[in-house]
Amino acid sequence: MISVIIVNYNVRYFVEQTVRSVLQSNCSDSVEIIIVDNASADESVDYLKRQLPSDIKIIANQENLGFAKANNLALEQAKGDFVLFLNPDTIIGDNVLDTMAAFLRKHPKAGAAGACMIGANGEFAPESRRALPSPFVSFCKMSGLQSLFPKSRIFGRYYMKFLDKEKQNRIDVISGACLFMRKDLALQLNGFDTTYFMYGEDIDLSYRILKSGFQNWYLPVRILHYKGESTSKSSYRYVKTFYDAMIIFYRKHYKGYNHILSAAIYMTIFAKGVMTFINNNILQSLHVLKKNTQKLGVVIVCTETESHVISQILSFNPYFEYVKYIPTNYPELFVNGGILTDIDTKKYNHIIFSTDLFSYSDIISTLYSGKSKALSLGTYNSNNGSPFILLHNGTILE
């Protein structure tokens, strides 16, 4: 059995979609799904109980325990031989669970595995495979050496771009957005370190897996990760929490390291945090100004019947100026991303797929084809008579 653990905080529509992608994944193992709600204020628990199968376990916390504690709570109750820690803003393909389970069964020294993550526009997410952020590796990233020599095994180790993303490889750090591991090992390591409230837990756990004598692997099975829809990347809280997590990691694992270099890393982390906070807020302001003047367009792939429902949703939500419907008999709809080749990306910047009509694997494969990076994913869900459109930035149209 495989236990899939999803922590939710105010992103009920994303969670529902993630769960449906797991249910649709046709896994040969039995799958247990556990959702841990961290005291969401959007009535997530009641909503998910209504919309999802009754055998899905939902743990409702009375306060926000943070990512680590919430996952550990579910880990203690998990019944599977393997556990998948999965972010709520993800979609998995058909072969992900089977491939990961088979790999760990075949390789007894493999303690955990991660996936090939793509963003909402189909771009490969570099955090799919990372090295440990040692002082030197972190220095190379923050000083710009990583960017100057991205495929160098010396200066470009942080994102390990020297590895072929289409092949399985040993890596150091597996992203907590999709971390598949042996449950007995997870229990042996006491799960995630609860010193971290959010961010850094996956780096810490990955490091402890390596220190325990097991290996971490990157597998070229694809998932889609919207990336942090429950957290504002421009907020001071995000910047402070992220860089505080890095400092916790250094104090825990590198306290015996060269003090001068460690101090330099701490200073760099602090400076990076300040710059990120300033830049994000400035960029956010510019984005708002641009959004007020930008013409938004959407391409919708659905049946004719669905197009009538979607047109009604859009009429109540004037989010887009241009709307284009593509019939299901469109030539080469899902062949090498054919659907993306004829779209005027100066006019259209979103593409919405009907999840009742197309599998999540087809959607992921089409985005990953790389035909256009200018289109961001949205999905249309009939949702048992309560249809909605879910956009990549968390916007819900009902």
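Strands S1 (residues 2-8) and S2 (residues 31-38) pair in the parallel sense over seven bridges, where pairing requires at least two DSSP bridges between the strands. Helices (H or I, at least four residues) and strands (E, at least two) are DSSP runs numbered from the N terminus. Within this pair, Ile5 has Ile34 in S2 as its bridge partner. To get from S1 to S2 the chain goes through helix H1 (residues 12-23), and the β-α-β crossover is right-handed; that is, with the strands pointing away from the viewer, the path from the first strand over the helix to the second runs clockwise. The model is a predicted one, with pLDDT of at least 70 needed for local features and 80 or more for side-chain atom pairs, while totals for chains, interfaces and linings use all residues. Residues are numbered from 1 along each chain as its sequence is written, and side-chain values use heavy atoms, leaving out hydrogens and water.

On to the next pairing: S2 and strand S3 (residues 57-61) are also parallel, over five bridges, and Asn38 stands opposite Asn61 in S3. Here, too, there is a right-handed β-α-β unit, made by S2, helix H2 (residues 44-51) and S3. S2 itself is mostly covered, with seven of its eight residues buried (buried is under 20% relative accessible area, exposed over 50%, and partly exposed in between, using a 1.4 Å probe and protein chains only).

The loop between S1 and H1 holds Asn10, which counts as partly exposed at 31% relative accessibility. Beyond four places in sequence, Asn10 touches Ser40, Ala41, Asp42 and Ser44, with contact meaning heavy atoms within 4.5 Å. A polar atom of the Asn10 side chain lies 2.5 Å from the backbone nitrogen of Ala41. As for Asp42, it is 32 residues from Asn10 along the chain, yet their C-alpha atoms are separated by 5.6 Å.

Further along, six strands form an open sheet with mixed pairing, in the order S11-S10-S12-S13-S14-S15. S11 (322-326) and S15 (396-397) stand at the edges with a single partner strand each, so one side of each has no neighbour in the sheet. S13 (residues 376-381) runs antiparallel to S14 (residues 388-391), the two being joined by four bridges, and Tyr380 stands opposite Ile389 in S14. H1 turns up again here: it lies across S13, S14 and S15, at about 95 degrees to S14 (axes are lines fitted to C-alpha atoms, for helices over the stretch in contact, and angles run from 0 to 180 degrees between N-to-C directions).

Asn381, in S13, is buried with a relative accessible area of 7%. Its side chain makes a polar contact with that of Thr355 at 2.9 Å (a pair of N or O atoms within 3.5 Å; within protein, one must be able to donate a hydrogen and the other to accept it, and residues adjacent in sequence count only if both atoms are side-chain atoms). Leaving out residues up to four places away, the residues touched by Asn381 include Gln17, Tyr360 and Phe388.

Finally, helix H4 (residues 96-106) has Val96, Leu97, Met100, Ala101, Phe103 and Leu104 as its buried residues. Down the axis of H4, these fall within an arc of 160 degrees, so they line one face of the helix; the arc is taken from the directions from the helix axis to the C-beta atoms. Leu219 in strand S9 (residues 215-225) is buried as well, at 2% relative accessible area, and its contacts beyond four places in sequence include Met100 and Phe103.
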